[in-house]
Structures are given as structure tokens and as C-alpha cells.
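Take a look at the structure below. The walk-through starts with open space and then turns to rings.

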Amino acid sequence: MSTDPSQSTMQSALNKARELDAQDPLAEFRDRFWIPRHSDGSDQLYFCGNSLGLQPKALAGEMEQELKSWQELGVAGHFEGPYPWMPYHEFLREPLAQLVGAKPHEVVAMNSLTVNLHLMMVSFYRPEGERRRIIIEQQAFPSDRYAVTSQIRFHGLDPDDCLVELAPADGQRYIDESQIEDFLAEHGDTVALVLWPGVQYASGQVFDLKRIAAAAHAAGSAVGFDLAHSAGNVPLALHDSGCDFAAWCSYKYLNSGAGGVAGCFVHERHSQRNDLPRFHGWWGHHQQSRFKMGQQFVPSPGADAWQLSNPPIMAMAPVRVSLAEFEAAGMERLRAKSLKMTGYLAELIQAELDDVLEIVTPLEDSRRGCQLSLRVRAGREQGRALFEYLEANGVITDWREPDIVRAAPVPLYNRFEDCWGFVNHVLKWTQK
Ligand SMILES: *Cc1c(COP(=O)(O)O)cnc(C)c1O
């Protein structure tokens, strides 16, 4: 065994991981999250923050506080207690705006992601005459595809005619932004909406949002982004991107618990428009006169006008608590660590496992976030077997059909040594 060259390179890779962890300015944040345990009592190597982020330890006390407000104050909890419920969404506004690079009145926390996509399309998918197509990427997340297809039908149109799914060019693994530009240059007058991901969920590819928004607008189309895998993962500059709208969920990188309240962005250029169709509810009514219970809807300024109902406080508290962790860590520092840590993992995979794993995610800094999408070269069956082996050994990744293992080292709570452990477990699997 001592002659095995990978033993000594793995040993020096482990030393390097420990050194990087020791120098990590964000290392203390790991202690602020609950790390699930493996059956042997050790911490899991948790690489699933792209699917369900971990729970901040500060949350239980804050939830307890909301329960106590309700117990002790009853209806007065709307106005009293540390975080009165009436203006509760206001407490989330600033950190949310900071996180996605928006002005405060451009963002609101409400509903869930697919609901927000529908509400946004009510306003921003306005097919008219020949201009009626929606562009999405081939292999879009199913919920997004269901949403756009049903929106097209809602307008009495046919998805076969109106849904365009752009695929990578022949022989390419990724859709380049230039393909969207080319399509729009040629067919732009038939396009009513471009709905694009910030980070593609299966490949982990990061897109240049500003470039896509500019191409869509030049063609006369509206443009919106699904940021499910971007928010809390990569720095965003939504206002500057110029997009019309965006929506994202909060239970992935944003650690707000299963089904947590989602986020929504509407660019300020739309904030005072009265000509946009919009589905209304009382929480979108201007707050100064909301409780006059008048018959006429008076919109709140900004994204707030899209709110429907009074928000679920028990589901908003986790978003507030998690956003405070992001504020404390800072997106810039998180991104710096993320690039380094995912880079470390990618390099170690290439050095030790090149014949076993193909890295599907593009590796240029500007085209990736935390996540690496990995394909077992021996095929789907072996891919499933690896995924299950890892899980049985406390290494939590996820499986995406047809053949992808996704592993996301998250800078808030993962360590470089976790990444080393991942590679070490895969090596053990190959030696079985
Ligand atoms: C996670 C995810 C969803 C999930 O939608 P919900 O409405 O939150 O259940 C939708 N779209 C994309 C791209 C996702 O990654």
C-alpha cells in the first residue's frame, strides 16, 4: 500500500485542506448551523445545501419568540413584540435587497417560487400578435416548464407553437449566451418573454444575466430570471442587470427550511406603472390605507404591490434569521471562499479521480457557483451505486436524472476537509 502514489498525494491534499480551513476567515460560521449526524455519530459531509440548506442555530429561539408573542399577546402581536407581524416583511427587505443587488423597494419576500413565477408572468408575459413566444433552456427545471406551458395555454395559445427550448449547440455541453443573442437577433419579434436561470440546476452553469437581459430588451421582449440556484450562491446585481423581474426560493442556499417563503424582484421602472395587468390582494394595497377597507385597490409602491396575503410569520422568521447570517458573513467573502473551496474540490477530483468522474460544471470562475455536477464515466448504474454508497457513508449529495451526482460545498458551513473527505470516499468506493 505504501507504494500507492495516491496515498501520498491524498495525504498532502489533506494537509492543504486543514491549512485552508485554519486560515478560513468564515470558519466560525459552521458552528452557527446544525450539521446533521451520520449514524456513527460523526458530522455528515453535507453537500446538499443546493437542495436544502442547513438550519441556523439561532432559529429555534426566534421561532420560540414568535410562539410566545402569539401566546402572550394574541392579536396585539401584529403591533407589539420584538418583530411585530403587521410590517414583518419590512424586516426582510434590506438584507434581501443587499443579497440580490436590488433597491429595497424592488424586492419582497412572499409566497413560493413557482407561485411568484406565475404572478410575474401575469404581468410580464403579454403575448400580442406574432410576439407570443417564451424562451427557456432545454432541460429547464420541470416546475418552470409546467408554469410557462400553462401560462401559454392560459392565453389560449399552443405551447408547441409558443414555447422555445434552446439546446446547447451540436457537440457542446453548455448553452452559450451568444446562442440566446443569436436566436433573438433572428426571431426576436416573435418573442414575448425570456425566462432564464441564473444558475442551471443540473449543470451548475452560471449565466451572464446582464448580457441576456440586454439581448432580450434589444429584441423588444420582457426578461425574467429564476434564481433558485443563484440566491445566496453567487453575487447578484439584479437592478443593474436590467431584467424586468426575478424570483427565487429560500430553502436552498438561503437556509430557510423546507418550503420557506420565496423572494421576488420587480425592476423599479415598473413600480409606478398602472397599465400592467396584475393579480391583486389586500396586502398589495398601499399600507397607509389598507385598513380603510376601501373598495378601490391602491397599489403599494414597488414590488410590494404584487403581494396577495398577509404573510406566514412562522415561515418568514427563518428567512429573517438566515439573512442575518448572510449579512454577517457578507456575500463577497462567501464568494471568495466558495470559489476557493469548489476549486479545491475540482482540482482534487481531476488529480485523483479523472478516470472515474467527469466534471460537467464549467470550471471558469465566472461560470460556476458552489455546485459541481459530476457524471460517473462508467455510466448511470455506476453513478447510482456511487450516490448510494456515499449516502450510506454519511456523504450527502443528490442525484439528478439521468446520470448526475450534484455536490455543493457551501461556504457558510462546509470545510475544505469535507471536500477532501468526499474524494477519499469516492476513492474507497473505486477500490471496493
Ligand atoms: C428548486 C426549484 C424550483 C422549486 O419550485 P418551488 O415552487 O419552490 O417548489 C423551481 N425552479 C427551479 C429552477 C428550482 O431550482
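What volume does the largest pocket have? About 530 Å³. This is a predicted model, in which local features need pLDDT of at least 70, side-chain atom pairs count only at pLDDT 80 or more, and totals for chains, interfaces and linings use all residues. Residues are numbered from 1 along each chain as its sequence is written, and side-chain values use heavy atoms, with hydrogens and water left out.

A pocket here is an open set of points on a 1 Å grid over the protein atoms alone, where a 1.4 Å probe fits, with protein on both sides within 12 Å along at least five of seven lines; lining residues have an atom within 4 Å of a point. A volume is the space filled by probe spheres set on the points, which are joined across faces, edges and corners.

The largest pocket is lined by 24 residues, and Gln 138, Gln 139, Gln 200, Ala 202 and Ser 203 are the closest to its centre. Its lining has 12 nonpolar, 5 polar and 7 charged residues. Ala, Val, Leu, Ile, Met, Phe, Trp, Tyr, Cys and Pro count as nonpolar, Asp, Glu, Lys and Arg as charged, and the others, Gly among them, as polar. Where does the largest pocket lie? Domain 1 (5–32 + 330–430) and domain 2 (63–327) both contribute lining residues, so the largest pocket lies between them. The domain bounds come from an automatic or database assignment.

The second largest pocket holds about 240 Å³. Of its 15 lining residues, Phe 207, Asp 208, Leu 209, Pro 235 and Leu 236 lie nearest its centre. Its lining has 8 nonpolar, 4 polar and 3 charged residues.

Now the rings. Rings of Phe, Tyr and Trp (its six-membered ring) pair if their centres lie within 6.5 Å; planes under 30 degrees apart are stacked, over 60 edge-to-face, the rest tilted. The count comes to 13 aromatic pairs. One of them joins Phe 141 and Tyr 201 edge-to-face, at 5.0 Å centre to centre and 75° between the planes. Phe 141 is partly exposed at 32% relative accessible area, while Tyr 201 is buried at 14%. Buried means under 20%, exposed over 50%, partly exposed in between (1.4 Å probe, protein chains only). Elsewhere, ring pairs link Phe 33, Tyr 46 and Tyr 413 into a cluster.

Arg 278 lies over the face of Trp 306, 4.6 Å from the ring centre. The rule asks for NZ of Lys or CZ of Arg within 6 Å of the ring centre and within 35 degrees of the ring normal.
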